[in-house]
Amino acid sequence: MQASDDFNPVPGQAVILAQGLRRVLAPNPSPMTYRGTNTYLLGETDIAVIDPGPLSDAHLSAILDALQPNQRISHIFVTHTHLDHSPLAAPLAVHTGAPILAFGGPQAGRSAVMTELAQNGFAGGGEGIDMDFRPDIELEDTACISADDWTLEVIHTPGHLGNHIALAWGDVCFTADHVMGWASSLVSPPDGDLTDFMAACHRLRAREWSVFHPGHGAPVTEPNNRLEWLIQHRLSRESQILDELIKGPATARQLALRIYIDTPGALLPAAERNVFAHLVDLTGKAQVEPVETLSAQSEFIRLS
């Protein structure tokens, strides 16, 4: 983690980040959301709202109060369907008449291996999926959406969630929960898929960016360096798992207890799911395999 205590904006106040771009912090701080969810308002006349946030009357009022007399909300973009990002989209649409745009519903973009895990009864990790979410317009990867003074390019970035997207505004990217500066992204099967996450990191790294505006925390001012750090962080965790499996078969829980030795007990379930995400990825790369069927309780052996 790289939390910065000097990032502490007042919830509900619109902060100017650049010409035509403001951020309004939602009042939902937590260990998973840091100071709260960042809602972005893009544009000078037709305003795109990016990630309206959680259900909150106060935050709904803050978004609407940020509008100037010559402005209207014309588009509501949702980067993914976690409960801290998408639920306010519907009330905001009612107030403004703007359409809701997203990659799809809660299970859109889910990989085949994660779909099979879910069908076999492996449930989510409690991160909070907005199961009722349905967009008015489903966005396709590489699509460009424009208004009078902005254009956003859709980049499908699954991994944190199958339906996760980033939105490029020139060389600026709204990365939501895929790339943040204060913490590495949570990847928790079956909603999260580490294979997809790494592929999306490499895809973003292939472009030059000036800044990332994440779903939580401060702007990432060295975006390509941050992407490189995220990739190396995951590869380092992968190496730890492979090194432990040299000693013999082990479950995700056993590996988590050996690797996350300084982690508080309350966070060990999340650590275990993170290890399992790596084990699924390593299984797909034929570096490990489950002793029996692929499940969170399986023992895994190293193949190479």
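At a relative accessibility of 15%, Asp-191 counts as buried, the term denoting under 20% relative accessible area, with exposed meaning over 50% and partly exposed in between (1.4 Å probe, protein chains only). The model is predicted, so that local features need pLDDT of at least 70 and side-chain atom pairs count only at pLDDT 80 or more, whereas totals for chains, interfaces and linings use all residues. Residues are numbered from 1 along each chain as its sequence is written, and side-chain values use heavy atoms, with hydrogens and water left out.

Asp-191 is located in the loop between strand E11 (172–176) and helix H4 (194–205), helices (H or I, at least four residues) and strands (E, at least two) being DSSP runs numbered from the N terminus. The side chains of Asp-191 and Arg-110 are joined by a polar contact of 2.8 Å (a pair of N or O atoms within 3.5 Å; within protein, one must be able to donate a hydrogen and the other to accept it, and residues adjacent in sequence count only if both atoms are side-chain atoms). The N-terminal end of H4 is capped by Asp-193, of which a side-chain oxygen lies 2.9 Å from the backbone nitrogen of Thr-195.

In H4, the buried residues are Leu-194, Phe-197, Met-198, Ala-200, Cys-201 and Leu-204. Because they cover an arc of only 160 degrees around the axis, they lie on the same side of H4, the arc being that of the directions from the helix axis to the C-beta atoms.

The structure holds zero disulfides (pairs of cysteine sulfur atoms within 2.5 Å). For Cys-144, the closest cysteine sulfur, in Cys-173, is 12 Å away, too far for a bond.
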